[in-house]
Amino acid sequence: MNQERIFKVLLGPHVSEKATVLADSKNQFVFKVESTATKLEIKKAVEQLFSVEVDSVSTLNVKGKTKQTVRGLGKRNDWKKAYVSLKAGQDLDFASAE
């Protein structure tokens, strides 16, 4: 996998209450990823960017909500979320990412 693709796969961390609980208790981290990314690409990107060992990756397609506005109905974009489990003894630090 080329370097350009690695930087395009991960869009950023997904910060929520559930994601924080998972990070503290089960050593899992949640990322927003490109909708065409595969589990293998996500695993390689996390391993190379953060220098950690990934145990498993689960992905989830999130459907955008339909919202009513003054101009009628609107729809938010669909996006993809990845749950990344790290191996025992590994920790992910967003501040020191290369």
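Lys80 is buried (under 20% relative accessible area, with a 1.4 Å probe and protein chains only), yet has no salt bridge. A salt bridge here is a side-chain nitrogen of Lys or Arg within 4 Å of a carboxyl oxygen of Asp or Glu. The nearest side chain of opposite charge, Glu41, is 7.7 Å away. The side chain of Lys80 does reach the backbone oxygen of Ala37, at 2.7 Å.

This is a predicted model, in which local features need pLDDT of at least 70 and side-chain atom pairs count only at pLDDT 80 or more, while totals for chains, interfaces and linings use all residues. Residues are numbered from 1 along each chain as its sequence is written, and side-chain values use heavy atoms, leaving out hydrogens and water.

Lys80 lies in strand β6, residues 79-86; strands are DSSP runs of E with at least two residues, and helices are runs of H or I with at least four, numbered from the N terminus. Val33 has Lys80 as its bridge partner in β6. Strands pair if DSSP finds at least two bridges between them.

Four strands make up an open, antiparallel sheet in the order β1-β2-β6-β3. Because β1 (10-13) and β3 (54-62) stand at the edges with a single partner strand each, one side of each has no neighbour in the sheet.

Two helices pack on this sheet. Helix α2 (residues 17-25) touches β2 and β6, where touching means heavy atoms within 4.5 Å. Helix α3 (residues 39-50) touches β1, β2, β3 and β6.

Notes: Buried < 20%, exposed > 50% of the residue type's maximum accessible area, 1.4 Å probe, protein only. Lys, Arg positive; Asp, Glu negative; His and termini not counted. Polar contact = N/O pair within 3.5 Å; in protein donor to acceptor, adjacent residues only side chain to side chain. Axes fitted to C-alpha atoms, helices over the stretch in contact; angles between N-to-C directions.
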